[in-house]
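Please have the sequence and the 3D view open as you read.

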Amino acid sequence: MELKELITEELKNDRTGRKIEKIIFNIILKHIKDMVFIMKVEEGPQFRYLFVNQAGAVFTNTMDQMIGKTIEEVLPFDRASALQQAYESVLSSNSVQTYSDELKLPGGETLYSQSVLTPVRDENDAIRYIVSVTRDITDEINEKKRLMLTEQRYRSIVDHNLDGIFAISFDSKIIEVNPAGQKLAGYSEKQMTHRSIYDLVAEGDHSKFKELFESTISGVALETLDCRFVHSKGHFITVHIRTVPIVIDHEIKGIYIITRDISEQAKNAETVKYMAFHDQLTGLFNRRALLNDLEEKIKRNENKEPFALLSIDLDRFKYLNDTLGHLAGDQILIKVGERLTEDRKQNFKVYRQGGDEFIILLEGNRRDATRLAQDILSKFSKSFYLHSDEYYISPSIGISTYPSDGKNAEALIKNADEALYRVKEKGKAHFQFYRTEMKSLFTNVVSLETQLRKALDRNELILYYQPQVELQTGKITSFEALLRWNSSEYGMVSPADFIPLAEDTGLIIPIGNWVIETACKQIRDWNKQEGNKIKVAINISPKQFQYSLVETIKMALEKYKIQPSLLEIEITEGAMHDTSETAPILKGLKELGVAISIDDFGTGYSSLNYIKQFPIDVLKIDQSFIRDVHNNEKDAAITTTIIHLANSLGMEVIAEGIETKEQADFLINSKCFKGQGYFYSRPISAEELEEKKIV
């Protein structure tokens with residue numbers, strides 16, 4: 001027996017059955033939340049409302065108007081038509097049907113409902129009634145729409161994201177990949193789904209990626225900038241990776257891997273890094289790379305394994321660079337770099353410090369450093385070719401070794417430079433190891449420069465004058481002005497120490513101008529007495545030729561109102577190499593009326609062509625010829641030839657460095673016009689000359 005029949009039978013037997021039945025109907029039809037509509041089926045077919053429960057009445061707000069009326073009479077046409085079709089489908093299908101409906105309220109809100117339409121048959125199995133149980137599903141529909149909107153937003157973020165997004169399971173399998181991820185890896189989503197993400201990661205980065213993956217599974221979002229993926233075509237892609245845990249209902253279900261292709265940026269970063277640590281001209285490592293390598297090497301060198309620094313400077317490169325031009329100089333520097341690096345069998349690295357300075361970091365001891373230095377000198381004995389022309393360049397090399405010459409990068413470089421300085425000082429084109437006694441010398445040079453820069457302001461510079469004697473008569477009518485420095489820090493400093501320093505630092509220009517000014521003032525003072533014709537010769541540095549020399553001398557002559565012929569300019573033969581630059585300057589000086597002499601004649605690149613081209617008044621014979629003139633036939637012959645040459649050309653000739661009577665007698669007999677040296681007088685101050693009545 002069915003439950004319905006059982007309950008009905010039970011209710012018939014029970015005196016209170018009608019009351020219970022009423023209660024059941026009350027609960028089902030009035031107190032449940034679902035809406036209940038009972039429709040009578042009539043001819044047409046038409047469907048007439050017989051009953052609406054409390055929930056239905058509240059939902060439709062039409063209870064009093066609905067009972068006894070058809071659908072078309074109660075509802076607007078469009079809703080009635082749709083509902084009529086739903087009820088007709090119950091008849092046509094002779095089964096339960098489901099119908100969904102939506103109702104737009106005047107305030108703009110939309111209500112959604114879902115109805116189950118159940119046929120009720122009579123004893124002839126004809127459908128006489130249809131019961132509609134309708135549920136308000138507005139909240140469910142709105143939640144579903146909200147979830148769909150959220151899903152669409154998520155899909156939009158994922159699918160249209162320029163970054164590749166991979167959804168990964170706990171066992172590292174790829175679940176889902178967005179279009180950008182497919183493009184980045186070069187595979188379709190189908191090709192990647194269920195594959196391990198490690199198949200895309202470069203083998204060398206597996207351990208790094210695994211650490212990232214496992215940390216994210218534990219709930220930590222991370223990122224890295226230096227992981228590589230392997231593209232389907234086999235090349236590496238440098239990617240920036242961020243990992244985010246996938247959290248559902250407060251539980252981690254997997255991770256998102258968000259990737260961005262930064263291969264171009266990485267390439268640019270590598271270029272920047274290369275530029276930061278390499279010399280742009282030669283391609284060699286630069287000073288920054290040297291400091292990094294030294295610091296790293298010292299830090300890791302726990303056993304104090306020896307290594308050496310070779311500081312290399314090209315001799316006379318500045319002259320070559322100025323003569324040939326900077327472009328040619330750059331090409332020579334490139335060739336030097338190639339020559340230094342051509343032997344890669346030895347364990348060393350070559351760095352360019354800047355200019356013509358190079359450094360080699362050699363793994364090895366003093367013997368290895370000696371062998372390498374000798375090898376470099378040997379290589380540089382071969383000429384360099386540039387535009388079919390041949391040039392010879394010699395290197396000077398200073399060497400420091402670790403750990404004996406320094407335990408940090410700064411000390412090792414400094415001491416190698418000090419050793420190089422000593423090489424330069426002693427004649428260049430060889431090598432020397434650093435020794436502790438060099439330190440004080442080099443420190444003095446640095447300190448010397450500091451004091452020299454202050455010398456002019458402190459009035460520490462003075463001129464001494466050495467008489468130039470007319471050898472035949474003993475008369476003195478001219479002097480050579482010689483620069484001296486009485487330092488408040490060091491006392492009297494030798495010209496051999498400070499004049500080269502002044503040349504190197506450019507201080508020779510203001511110092512040279514001071515000499516011109518002081519000498520002209522002295523000429524004025526000595527020639528105040530009527531009848532005096534005392535001449536003063538001053539030495540001019542080749543560098544002064546580059547700084548308005550003619551104008552400087554002209555201003556001094558006019559300031560002190562002296563005869564130009566009383567000032568003599570001594571230049572070295574080296575200053576006359578660049579004839580195109582020197583000729584107009586000497587011509588300008590000659591037009592002023594200033595006398596011009598060649599100092600140390602015969603010791604440089606002597607050329608009779610200079611005498612022919614330039615307006616020379618005086619030749620000065622260097623003391624190296626005078627020293628042995630009385631017992632060396634060659635010196636005697638050279639000296640005599642210079643004297644005769646000068647006399648024939650109508651020039652004065654002055655012999656320097658006369659120290660003995662024998663030398664003086666030889667020069668007198670050879671008809672040399674003037675002479676100077678300690679045999680006659682050492683250089684002395686103007687005051688002392690005046691006290692001795694020499695002036």
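The points below cover a sheet, its helices, one arginine, a further helix and a database record.

This is a predicted model. Strand S14 spans residues 357–363, and Arg 352 sits in strand S13.

- S14 is mostly covered, with five of its seven residues buried.
- Strand S12 (residues 307–314) runs antiparallel to S14, and seven bridges join the two.
- Within that pairing, Leu 309 has Leu 361 of S14 as its bridge partner.
- On strand S13 (residues 348–354), six bridges link to S14, again in the antiparallel sense.

**The S13–S14 hairpin**
- Two residues lie between the strands of this hairpin.
- Gly 355 takes a positive phi there, near 60 degrees.
- The backbone oxygen of Gly 355 is also reached by the side chain of Arg 352, at 2.9 Å.

**Arg 352**
- Is Arg 352 buried or exposed? Arg 352 counts as buried because its relative accessible area is 11%, and the cut-off is under 20%.
- Which side chain makes a polar contact with that of Arg 352? The partner is Asp 279, at 3.1 Å.
- Beyond its neighbours within four places in sequence, Arg 352 is in contact with several residues, including Asp 279, Leu 281, Thr 282, Leu 284 and Phe 285.
- The contacts of Arg 352 also include Asn 286, Arg 287 and Leu 333.
- Glu 357 and Phe 358 are among the contacts of Arg 352 too, and both numbers fall in the range of S14, residues 357–363.

**Helix H18**
- Helix H18 covers residues 495–505, and Phe 498, Leu 501 and Ala 502 are buried in it.
- These residues lie on the same side of H18, because they cover an arc of only 105 degrees around the axis.
- The face turned away from the buried side carries the exposed residues Ala 496 and Asp 504.
- At the start of H18, a side-chain oxygen of Ser 494 comes to within 3.1 Å of the backbone nitrogen of Ala 496.
- Gly 506 follows H18 and has a positive phi, near 85 degrees.

**Database record**
- UniProt, in an unreviewed entry, lists residues 97–149 as "domain: PAC".
- In the model, residues 97–149 are 23% helix and 57% strand.
- The end C-alpha atoms of that stretch are 30 Å apart.

Conventions
Residues are numbered from 1 along each chain as its sequence is written. This is a predicted model: local features need pLDDT of at least 70, side-chain atom pairs count only at pLDDT 80 or more; totals for chains, interfaces and linings use all residues. Side-chain values use heavy atoms; hydrogens and water are left out. Buried means under 20% relative accessible area, exposed over 50%, partly exposed in between (1.4 Å probe, protein chains only). Helices (H or I, at least four residues) and strands (E, at least two) are DSSP runs, numbered from the N terminus. Two strands pair if DSSP finds at least two bridges between them. UniProt positions are given in the numbering used here, feature names are shortened, and annotations may be inferred rather than shown by experiment. A polar contact is a pair of N or O atoms within 3.5 Å; within protein, one must be able to donate a hydrogen and the other to accept it, and residues adjacent in sequence count only if both atoms are side-chain atoms. Contact means heavy atoms within 4.5 Å. The arc is that of the directions from the helix axis to the C-beta atoms.
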